[in-house]
Amino acid sequence: GVENYFCKIIGADKVPPKPDPSILFEIFDACGFDRKKDTAYMVGDNPKDIEVAKNAGIEAIYSTWGFKSDFSYSVTANAPKDILKIVL
């Protein structure tokens, strides 16, 4: 029943692998996102997620509570509530 909460759900096996941004573009199109006017953020827990965002031309937020690595990034969220502080 989660499909009611999302405008698009895509399995990773249906698109080229990260760091290719195709999956983001497909989501943008399905949700009516205008890449020239709207702002988007990708929240990711590993370096490939940050690269996907960069390749799509959007902002990235590194979440430290997911996959653990020695990666650091200039925009970091240590808890989900930190995302709101960054985007608002």
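Select lysine 18 and aspartate 49 to begin: the two form a salt bridge, with their closest N and O atoms 2.5 Å apart. A salt bridge here is a side-chain nitrogen of Lys or Arg within 4 Å of a carboxyl oxygen of Asp or Glu. The pair links distant parts of the chain, since lysine 18 belongs to the segment before helix 1 and aspartate 49 to helix 2 (residues 47-56), 31 residues apart. Helices (H or I, at least four residues) and strands (E, at least two) are DSSP runs numbered from the N terminus. Lysine 18 is partly exposed at 41% relative accessibility, whereas aspartate 49 is buried at 5%. Buried means under 20% relative accessible area, exposed over 50%, and partly exposed in between (1.4 Å probe, protein chains only).

The model is predicted: local features need pLDDT of at least 70, side-chain atom pairs count only at pLDDT 80 or more, and totals for chains, interfaces and linings use all residues. Residues are numbered from 1 along each chain as its sequence is written, and side-chain values use heavy atoms, with hydrogens and water left out.

Next, select glutamate 26 and lysine 8, another of the 5 salt bridges found in the whole structure; their closest N and O atoms are 3.9 Å apart. Glutamate 26 lies in helix 1 and lysine 8 in the segment before it, so the pair ties together parts 18 residues apart in sequence. Glutamate 26 is partly exposed, at 34%, and lysine 8 is also partly exposed, at 33%.

Aspartate 29 is exposed at 53%, while arginine 35 is partly exposed at 42%.

Now select threonine 64, in the loop between strand 2 (59-63) and strand 3 (76-77). Its side chain makes a polar contact with the side chain of asparagine 78 at 3.0 Å; such a contact is a pair of N or O atoms within 3.5 Å, and within protein one must be able to donate a hydrogen and the other to accept it, residues adjacent in sequence counting only if both atoms are side-chain atoms. Leaving aside neighbours within four places in sequence, threonine 64 is in contact (heavy atoms within 4.5 Å) with Thr76, Ala77 and Asn78.

Finally, which residues line the largest pocket? Select Leu24, Ile27, Phe28, Cys31, Phe33, Ala40, Tyr41, Met42 and Ile58. Helix 1 (22-31) and strand 1 (41-44) each give two or more residues to this lining.

Notes
1 Å grid on protein atoms, 1.4 Å probe; cavity = no way out; pocket = protein on both sides within 12 Å on 5 of 7 lines; lining within 4 Å.
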